[in-house]
Amino acid sequence: MRAFHGTQQRDGQRRWGIGFLADRLRAAGDRLFCSDDERAIAYGWQVRSGRFGLSRTYRDPRFDQFAECGFCHGWGSVFPGHPCVQCAGTGCITMGEPLPDEGRLVR
Ligand SMILES: [Zn+2]
């Protein structure tokens with residue numbers, strides 16, 4: 001019974017220590033990426049924090065609107081030498097209404 005309490009206490013201390021360390025790492029990551037996060041948010045990008053906050057992934061949500069052109073199947077041309085009329089030869093179309101550029105950072 002006594003050993004059980006000792007094990008519980010050690011587990012609790014270890015969990016507290018790991019939580020404390022994870023919080024410190026996350027705070028360090030927040031300080032490290034602060035200016036990059038602010039810039040990304042100003043651009044309207046999505047910011048995802050990695051494991052323990054020590055990495056970041058930035059993504060422009062406008063990429064969700066790109067799709068392969070259904071007319072030329074992404075080739076940009078149906079007949080050789082003639083660009084696709086649906087996608088103007090890019091092989092890619094924009095779905096829905098374009099997102100506004102209001103969130104763009106202008107300095
Ligand atoms: Zn096309």
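Trainee: What is the mean pLDDT of the protein chain, and what share of its residues reach 70 or more?

Mentor: The general idea is that pLDDT is the predictor's confidence in each residue, on a scale from 0 to 100. Here the protein chain has a mean pLDDT of 87, with 86% of its residues at 70 or more. This is a predicted model, in which local features need pLDDT of at least 70 and side-chain atom pairs count only at pLDDT 80 or more, while totals for chains, interfaces and linings use all residues. Residues are numbered from 1 along each chain as its sequence is written.

Trainee: How many helices and strands does the protein chain have, and in what order do the elements run?

Mentor: Helices (H or I, at least four residues) and strands (E, at least two) are DSSP runs, numbered from the N terminus. By that rule the protein chain comes to two helices and six strands, and from the N terminus on the order is α-α-β-β-β-β-β-β.

Trainee: In which sense do β1 and β2 pair, parallel or antiparallel?

Mentor: Two strands pair if DSSP finds at least two bridges between them. Strand β1 (residues 46-49) and β2 pair in the antiparallel sense, over four bridges; among the partners in β2 are T57, which bridges to R48, and R56, which bridges to S49.

Trainee: What lies between those two strands, and which residue there takes a positive phi?

Mentor: The hairpin of β1 and β2 has six residues between the strands, and F52 takes a positive phi near 60°, which is a positive value in a residue other than glycine. H73, found in the loop between β3 (66-68) and β4 (77-79), is another non-glycine residue with a positive phi, in this case near 55°.

Trainee: Are F52 and H73 buried or exposed?

Mentor: A residue is buried if 20 or more other C-beta atoms lie within 10 Å of its own, exposed if 12 or fewer, and partly exposed in between, with the C-beta atoms placed from the backbone. F52 is partly exposed because 14 other C-beta atoms lie within 10 Å, whereas H73 counts as exposed because it has 11 C-beta neighbours inside 10 Å. Over the protein chain, buried residues make up 4% of the 107 residues.

Trainee: Which residues are in contact with G89 and with Q86, leaving aside their neighbours within four places in sequence?

Mentor: Two residues are in contact if their C-beta atoms, placed from the backbone, lie within 7 Å. G89, in the loop between β5 (82-83) and β6 (92-94), is in contact with G76, S77, P83 and C84 once those neighbours are left aside. Q86, also placed in the loop between β5 and β6, is on the same terms in contact with C69, F71, C72 and I93. G89 is partly exposed, with 15 other C-beta atoms within 10 Å, and Q86 counts as partly exposed, with 14 C-beta neighbours inside 10 Å.

Trainee: How far apart in space are H73 and G91, C-alpha to C-alpha?

Mentor: Separation along the chain and separation in space are read side by side. H73 and G91 are 18 residues apart in sequence and 6.9 Å apart in space, C-alpha to C-alpha, while the C-alpha atoms of Q86 and C72, 14 residues apart along the chain, are separated by 8.1 Å.
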